[in-house]
Amino acid sequence: MKSLIRLITRIDPLIGHRLDAECKQFFDLVQSRKLKSPQEAMQQLYQGTRQRQRFSELKMKLVRQLTKAVLMHPWYYTTMNQQVHAECWQSLAAIKMLLAQGHREDVQDLLLTTLRKAQKYQLHRIAADICLELYYLYLVIENNGRKGNRYKKLMLEQREMANAEEEVMGRWAEIAALRNSSRQNNKFIREKLAQVCKKVNHHLRYNSVNINIFIWNFNIMRYYLEHDYQAVVNICQGAIRFMEDRKIDRTITYRYQLTPAQLILGQYDAARENIKIAIGCVRKDQYTWSVFTYYRLLIELHSGEYQQAYHLYLAANAVPQISKALNEQWKIVRGYIAFLIKNKRVQANEGRRPHYRKFIESVPIFSQDKQGNNINIIILQLIHSIGHNNDLIIDRAEAIRKYIDRHMKSRELIRARTFIEMLLKIPRYRFHYQAVLRHTANDLKRLKSRHIRMTQNQDIEIIPYLNLWEMVLYTLSKNHPYGRRRIYR
């Protein structure tokens, strides 16, 4: 109930004024966030023997009114596909209600109009249900066998495509469950994906967008796991062309998956153009806007345009994040921006310098690994402590080394592991610039030989480690050219 109210309120802040008095009282209680449990709401709203029953009835009444608001108000739909999808389901519901009352001949025009929309936007299950009604209408009511058989044939075709869509959707759910399971490694998932692709690729013959979307997703996931980013680019661009040729506005998903591959391949101009088109199709209060802005900032950081990245950071920071995960991600970005400012790579505006030291010193290193951000937190703690709090590096070095030995063994994390090991050699060699330079030379060669393409798209380096190492050496030479007494072994 809370999540439904929160979603609809974000879409339409005035939704509460469309509710009746009893529902509005409950709606306002939930919105106030003063309720700790449903039992507390029940006690505030009702008293007496029928308290539980009346409260249950009120919840269902509120859900019905909120659901009606979603269906009846066009502000909810952001794309033509969403709008037509909702209109077709509404029309089908109206048709079923009229048919139940015996108005079969009167809904003929509505049946044909809805069928044309459903076919155009490839809503196979809706089209199959409508064809069944038309088959019955023409064959039984109008005694027109030619038209009846035509819609029977079309019904069977649409049902076949609907069944194929459900099959690939079910297989996608299985793969997604495997991806979410920490017990399965990438090798097992790659093998499973290869098997699934062989089983579902023949469904491409239907030339259906909904079916193709799942098959494209299977292949994109597979090639990301195999680090074949050019294949990802080819699939995404093909999917975008396929839908643009048919004037179907569902390309955002593939622009979203295309961007990390272009970034890893160093196709910065193409990635900028892709993001420019994508951002033009979404609102600032949407999750995808923040994600595309984040990738846009990464492009500038990877291409060395640090000042432009700083301006993008300021613009994005002014927009509230609707996702906790994204909010954490922007905190990490703020840490890297602060390091760039300290390293004289960015000229910060007066009064707009991100302060990061308290966060770095207070965050527990290994409390929770938020989608891989623990690695970035470790790196930020180390690089920000150089020249500011060297004792923090020394005190945490052994714990960090144990962590990377235990949790950073995968091939995808080999660059991050190598870079952290290089950072840990700074306290080992007494913060002495020349000693650190000499003893990390072999690590630097290994880092250069392990291309960034070995990483996964969710583990893209915010600032490439080679560039970040140059900045670390600059900080070290400026603050500790001759080392210090305390040593970590």
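Analyst: Start with Lys117, which is partly exposed at a relative accessible area of 33%. The scale is: buried under 20% relative accessible area, exposed over 50%, partly exposed in between, with a 1.4 Å probe and protein chains only. The model is predicted, so local features need pLDDT of at least 70 and side-chain atom pairs pLDDT 80 or more, while totals for chains, interfaces and linings use all residues. Residues are numbered from 1 along each chain as its sequence is written, and side-chain values use heavy atoms, without hydrogens and water.

User: Which side chain meets Lys117 in a salt bridge?

Analyst: Side chains of opposite charge can pair when their charged atoms come close. Here the partner is Glu87, at 3.0 Å from N to O; a salt bridge is a side-chain nitrogen of Lys or Arg within 4 Å of a carboxyl oxygen of Asp or Glu. Glu87 sits in helix α5 (residues 80-100) and Lys117 in helix α6 (residues 108-120), so the pair links distant parts of the chain, 30 residues apart. Glu87 is partly exposed, at 26% relative accessibility. Helices (H or I, at least four residues) and strands (E, at least two) are DSSP runs, numbered from the N terminus.

User: How many salt bridges does the structure hold?

Analyst: The structure holds 18. One of them joins Asp20 to Lys61, at 3.0 Å from N to O. Asp20 is in the loop between α1 (2-11) and α2 (21-32), and Lys61 is in helix α4 (residues 51-72), so this contact ties together parts 41 residues apart in sequence. Asp20 is partly exposed, with a relative accessible area of 26%, and Lys61 is partly exposed at 26%.

Another is formed by Glu166 and Arg125, whose closest N and O atoms are 2.8 Å apart. Glu166 belongs to helix α8 (residues 145-180) and Arg125 to helix α7, so parts 41 residues apart in sequence are tied together. Glu166 is partly exposed, with a relative accessible area of 45%; Arg125 counts as partly exposed at 28%.

User: Which residues are linked in a network of salt bridges?

Analyst: The network consists of Asp269, Arg272, Arg296 and Glu300.

User: How many aromatic pairs does the structure hold?

Analyst: There are 10 aromatic pairs. Rings of Phe, Tyr and Trp (its six-membered ring) pair if their centres lie within 6.5 Å; planes under 30 degrees apart are stacked, over 60 edge-to-face, the rest tilted. Tyr224 and Tyr229 have ring centres 5.7 Å apart and planes at 65°, so they are edge-to-face. Both Tyr224 and Tyr229 are buried. Phe419 and Tyr465 are stacked because their planes are at 5°, with centres 4.7 Å apart. Phe419 lies in helix α20 (residues 414-428) and Tyr465 in helix α23 (residues 465-479), so the pair ties together parts 46 residues apart in sequence. Phe419 and Tyr465 are both buried.

User: Which residue lies over the face of Phe242?

Analyst: Arg246 does, at 3.7 Å from the ring centre. The test is NZ of Lys or CZ of Arg within 6 Å of the ring centre and within 35 degrees of the ring normal. Phe242 also forms one aromatic cluster with Trp216 and Tyr254.
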